[in-house]
Amino acid sequence: MHPKIHSVLIFLVYYLVPLTIISVYYYHIARTLIKSAHNIPGEYSEHSKRQVSTLRMIKILNVCI
């Protein structure tokens with residue numbers, strides 16, 4: 001086999017193929033973590049924050065009236 005072809009095949013087999021496989025798995029892990037981060041129980045969404053502030057305003061108005 002020609003030395004250049006051999007070097008290219010070695011590069012592909014020992015470097016690019018594992019790198020591609022690892023990259024694909026890291027992409028799937030990152031996507032799963034990002035999706036699961038949207039529903040963390042301790043986190044407030046904008047809607048929840050708005051509800052809390054609205055309830056505070058109602059309580060303040062009830063105290064004043």
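A: Start with the spacing: F11 and Y15 sit 4 residues apart in helix α1 (residues 3-37), so about one helical turn separates them. Helices here are DSSP runs of H or I with at least four residues, strands are E runs of at least two, and numbering goes from the N terminus. Keep in mind that this is a predicted model, where local features need pLDDT of at least 70, side-chain atom pairs count only at pLDDT 80 or more, and totals for chains, interfaces and linings use all residues. Residues are numbered from 1 along each chain as its sequence is written, and side-chain values use heavy atoms, with hydrogens and water left out.

Q: How many aromatic pairs does the structure hold?
A: It holds 1 aromatic pair. F11 and Y15 form it, and their rings are stacked, at 5.3 Å centre to centre with 25 degrees between the planes. Rings of Phe, Tyr and Trp (its six-membered ring) pair if their centres lie within 6.5 Å; planes under 30 degrees apart are stacked, over 60 edge-to-face, the rest tilted.

Q: What is the relative accessible area of F11?
A: The cut-offs are under 20% for buried, over 50% for exposed, and partly exposed in between (1.4 Å probe, protein chains only). F11 is partly exposed at 43%, and Y15 counts as partly exposed at 45%. I10, in helix α1, is partly exposed too, at 36%.

Q: What does the protein chain's secondary structure come to?
A: It comes to 2 helices and 0 strands. Of the chain's 65 residues, 0% count as buried.
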